[in-house]
Amino acid sequence: MFNLSNETDYKLLSKTKYYYNFFILTIIFLFVAIFTRLIFLNFENSNGSLSSVRDTSFKSLPTIYDFNRNILAYSSYNYSIKNIKGEVKYLKRDIPLNGILESIYKGDPYIKFEKILTRKYPHSALTNNMIGHTNIDHKGVSLIEKFIDKNNNDIELSLDIQIQKKIYDSLYNDALNLNPDYTMNVLVDLSTEEIVSNVFIDSRDFNRFDQTLLPLKDLKFDFGSVFKTFTVYSAIKNKKIDLNEYFDVDQPVYIGSKLINDFPRNSNIPMQVADILKKSSNRGAILIRRNLDCQKEFKVSLAQIGLLTSTQVGFGMKSVEPTVNNFRGSYCDNIPFGYGLSISPIQLINAYGKIITGRYDFEASFEKQEILDKHYKNKYNKISNTINKLLFYANDTNEDLYKNFLVAGKTGTADQTISSNNKIQNVTYISFFPYNNPKYLNLTFMQNPKKKYGKYMTAGNTVKPTFYNLLKEIYIYLDLSIVNTKSTEI
């Protein structure tokens, strides 16, 4: 027996009680751990009995990363609770594990649990209509997801989600101000031919695009005056014009019986090539083209820069085929100022990429390039240097960033007839910078803006200021430096 009056016996008893309590707590902990494990084993096994409701043995798909290894899409499990009494009814979907334990403790035999492999998109608002999606069986069915379903390796895209977020936020604000049906912006690294950002915002309340659609490659438009660059390019390439030559755009110009107008209608003086681009003269573009043989020269030039065939976008995706529309009588005279040839945005981007870099195999892609070789070095020539200088002059603006980064570009405004009483406008601004050593190419596009920043509803009063708004937000993230404007006269 212990003598509690004896200090040694008392300390011994206290020590014995400590070990006894520790032993009891250890037993309780082990019991709880084993019980919890049995619960989850039962939970895991219960999935097998539910295979008639949904097969949960799906294959995990590879992870999709952006350029900096940020995750854009990955496979992960979520948990659902359902009641199988009578007709199966899902009570909760995608719930945390503690929610499942709470239901288990209630002991209802009709409550079952399901573990389902699903696809997660951490930046879904920024990557909509681009990555694609999987079906109920966790198989990729569209766009990049369809490609990687056949590939066991993780993939890295050329996209920079940080830059994409900056562009998205800026574009979203301008969409609120201008209220287009939808708007798009694409940023391309010219040195690597990588698509750095691809933002699409649908502002409509109905008929939103399906996730199987990538607007960059699956839509096509008449882009308007951005095509005047191709007309000038063809004439220079085929040595059919002198830059000092004058064209009388005040004289009537007809396509068939239709009189072609210019805005402003009267220039008062004949225009040289540089001013035809700067003032975006429809008549001037037609007169330049009429120096060319339509089939043997002009059409050959359009084919060389990829405007007459579909193109690749990476990961096995191809753009839509272009459409020649002869609705005004002669595509030879309509295409020069931007009507009659409907193409996808990626075809427009690639055509400009070919002209301004001198690389006729230029092909922008979502695929990250691992090795940079001679293929990606610009092959400037007299034609590309001339076009780049002309477009810098034509792009003249009061915006500070125009001179800071030597931004060259061309606007385009095109009418689109939906029905006899419904016409909308497509506004486009394609730009590249710096013009004397192009590093980046950007396409900003809106369909049917309802408001504008200037007097007239033109690309210059909608998408052009929109581009400069977003350039203010992203230039610090780009490989650019402030430069001085020298020797830029035409």
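Modeller: Here is what the labels rest on. It's a predicted model, so local features need pLDDT of at least 70 and side-chain atom pairs count only at pLDDT 80 or more, while totals for chains, interfaces and linings use all residues. Residues are numbered from 1 along each chain as its sequence is written, and side-chain values use heavy atoms, with hydrogens and water left out.

Biologist: How do you know that C294 and C332 form a disulfide?

Modeller: A disulfide is a pair of cysteine sulfur atoms within 2.5 Å. The S to S distance for C294 and C332 is 1.7 Å, and by that rule the count comes to one disulfide. C294 sits in helix α9 (residues 294-304) and C332 in helix α10 (residues 331-334), 38 residues apart. Helices here are DSSP runs (H or I, at least four residues), as strands are (E, at least two), numbered from the N terminus.

Biologist: What makes the disulfide of C294 and C332 left-handed?

Modeller: The torsion about its S-S bond is about -85°, so it's called left-handed.

Biologist: Why is C294 called buried?

Modeller: Buried means under 20% relative accessible area, exposed over 50%, and partly exposed in between (1.4 Å probe, protein chains only). C294 has 10% relative accessibility, so it counts as buried. C332, at 11%, is buried too.

Biologist: And why is I84 partly exposed?

Modeller: I84 comes out at 30% relative accessibility, so it gets the in-between label. You'll find I84 in the loop between β2 (71-83) and β3 (89-95).

Biologist: What makes strand β4 largely enclosed?

Modeller: Nine of the ten residues of β4 (residues 111-120) are buried, so the rest of the structure largely encloses it.
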